[in-house]
Amino acid sequence: MREVRFHIHRKSTFAGALLPYRMHINGQYIGTIRNGKSLDANVPKAGVYYIEDDILSSRNAVIYDNGLSEYSVVITVSYTHLTLPTT
């Protein structure tokens, strides 16, 4: 079976610093990543890689295979700032 290597780095941020992310690729648990740390994992080669930080989470990414043997992913935490109109 052929494999692809993923190098996932989670940028260090104050928001969510204490929350570890349980990472999955194509439904396979690959490990837990903490704030400012990296995680390396080998997964079976596929046409599409679905990356999520937990099974029930809404944060995810899709990477289409382009023949590489290694992929790098950087996780950042961002928030949308909502400005309410003043009356």
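Me: Is Asp40 buried, partly exposed or exposed, and why?

Reply: This is a predicted model. Buried means under 20% relative accessible area and exposed means over 50%, with partly exposed in between. Asp40 has a relative accessible area of 40%, so Asp40 is partly exposed.

Me: Which residue forms a salt bridge with Asp40?

Reply: Side chains of opposite charge can pair when their charged atoms come close. For Asp40 the partner is Arg5, and the closest N and O atoms of the two are 3.6 Å apart. This pair links distant parts of the chain, since Arg5 lies in strand 1 (residues 3-10) and Asp40 in strand 4 (residues 38-44), 35 residues apart.

Me: Why does Arg5 count as partly exposed?

Reply: Arg5 counts as partly exposed because its relative accessibility is 32%.

Me: How many salt bridges does the count come to?

Reply: The cut-off is a side-chain nitrogen of Lys or Arg within 4 Å of a carboxyl oxygen of Asp or Glu. By this rule there are 2 salt bridges. One of them joins Lys45 to Asp65, with the closest N and O atoms 3.0 Å apart. Here too the pair links distant parts of the chain: Lys45 sits in the loop between strand 4 and strand 5, while Asp65 sits in the loop between strand 6 and strand 7 (70-75), 20 residues away. Lys45 is partly exposed, at 29% relative accessible area, and Asp65 counts as partly exposed at 23%.

Me: What is Glu52 in contact with, leaving aside neighbours within four places in sequence?

Reply: Contact is judged by heavy atoms within 4.5 Å. With those neighbours left aside, Glu52 is in contact with Arg22, Met23, His24, Arg59 and Asn60.

Me: Where is Tyr50, and why does Tyr50 count as partly exposed?

Reply: Tyr50 is in strand 5. Its relative accessibility is 31%, so Tyr50 counts as partly exposed.

Methods: Residues are numbered from 1 along each chain as its sequence is written. This is a predicted model: local features need pLDDT of at least 70, side-chain atom pairs count only at pLDDT 80 or more; totals for chains, interfaces and linings use all residues. Side-chain values use heavy atoms; hydrogens and water are left out. Helices (H or I, at least four residues) and strands (E, at least two) are DSSP runs, numbered from the N terminus. Buried means under 20% relative accessible area, exposed over 50%, partly exposed in between (1.4 Å probe, protein chains only).
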